Amino acid sequence: MKTKVNIANTAPKHVFWDMDISQLSTKQDKALIIPRMLMATTKESFLQDITSVEKLYSTNEIYVILKNTKERISNNVCRMVATRYSKPTFLRYKF
């Protein structure tokens, strides 16, 4: 993880609509922050969104957290992250 950052200045506010974002710790709450910051990403906004997350966390942290999250992350986001990091593809939902 990078240096101490106020997540309220970095993260998109709309994905943290249900909580006080200023109370989040980038270290203690990374399992919540990483998926939420990518929850609303699209193919068009992915590069910008993932770059914001990479300013806070290592690529390995991002990959592992997303692979194990229970948050509602789309399979498309999972594929884009795996491709970006040249890691095995994982899916959050299996049909």
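The following is a set of questions and answers on a predicted model.

User: What makes a residue or a pair count in this predicted model?

Analyst: In this predicted model, local features need pLDDT of at least 70 and side-chain atom pairs count only at pLDDT 80 or more, while totals for chains, interfaces and linings use all residues. Residues are numbered from 1 along each chain as its sequence is written, and side-chain values use heavy atoms, with hydrogens and water left out.

User: Why is Asn75 called buried?

Analyst: Buried means under 20% relative accessible area, exposed means over 50%, and partly exposed is in between (1.4 Å probe, protein chains only). Asn75 has a relative accessible area of 10%, so Asn75 is buried. Asn75 belongs to helix α4, residues 75-84; a helix is a DSSP run of H or I with at least four residues, a strand is a run of E with at least two, and both are numbered from the N terminus.

User: How do you know that the side chain of Asn75 reaches the backbone nitrogen of Arg92?

Analyst: The distance is 2.8 Å. A polar contact is a pair of N or O atoms within 3.5 Å; within protein, one must be able to donate a hydrogen and the other to accept it, and residues adjacent in sequence count only if both atoms are side-chain atoms. Leaving aside neighbours within four places in sequence, Asn75 is in contact (heavy atoms within 4.5 Å) with Leu91, Arg92, Tyr93 and Phe95.

User: Why is the pair of Arg36 and Asp18 called a salt bridge?

Analyst: A salt bridge is a side-chain nitrogen of Lys or Arg within 4 Å of a carboxyl oxygen of Asp or Glu. The closest N and O atoms of Arg36 and Asp18 are 2.9 Å apart, so the pair is a salt bridge. Arg36 lies in helix α1 (residues 30-39) and Asp18 in the segment before α1, so the pair ties together parts that are 18 residues apart in sequence. Arg36 is buried at 10% relative accessible area, whereas Asp18, at 40%, is partly exposed.

User: What makes Lys30 and Glu61 a salt bridge?

Analyst: The N to O distance between their side chains is 2.9 Å, so the pair meets the salt bridge definition. The pair links distant parts of the chain, with Lys30 in helix α1 and Glu61 in helix α3 (residues 59-68), 31 residues apart. At 26% relative accessible area Lys30 is partly exposed, while Glu61 is buried at 16%.

User: How many salt bridges does a search of the whole structure find?

Analyst: The search finds 4. One of them joins Arg84 and Glu54, whose closest N and O atoms are 2.8 Å apart. Arg84 is in helix α4 and Glu54 is in helix α2 (residues 46-54), 30 residues apart. Salt bridges that share partners also join Asp18, Arg36 and Glu71 into one network.

User: Why are Tyr63 and Phe90 called an edge-to-face aromatic pair?

Analyst: Rings of Phe, Tyr and Trp (its six-membered ring) pair if their centres lie within 6.5 Å; planes under 30 degrees apart count as stacked, over 60 as edge-to-face and the rest as tilted. The search of the whole structure finds 1 aromatic pair. Tyr63 and Phe90 are 5.2 Å apart centre to centre with 90° between the planes, so the pair is edge-to-face. Tyr63 is buried at 6% relative accessible area, and Phe90 is buried at 7%.

User: How do you know that the charged end of Lys87 sits over the ring of Tyr63?

Analyst: A charge sits over a ring if NZ of Lys or CZ of Arg is within 6 Å of the ring centre and within 35 degrees of the ring normal. The charged end of Lys87 is 5.4 Å from the ring centre of Tyr63. Likewise, Arg92 lies over the face of Tyr93, at 5.1 Å from the ring centre.

User: What makes a set of residues the largest nonpolar core?

Analyst: A nonpolar core is a set of buried Ala, Val, Leu, Ile, Met, Phe, Trp, Tyr and Cys residues joined through side-chain atoms within 4.5 Å. The largest one has 29 residues, and among those with the most contacts inside it are Phe16, Met37 and Leu66. Helices α1, α2, α3 and α4 each supply at least two residues of this core.

User: Why is α1 called mostly covered?

Analyst: In α1, 7 of its 10 residues are buried, including Leu32, Ile33 and Met37. The cover over the buried residues of α1 includes α2, α3 and α4.
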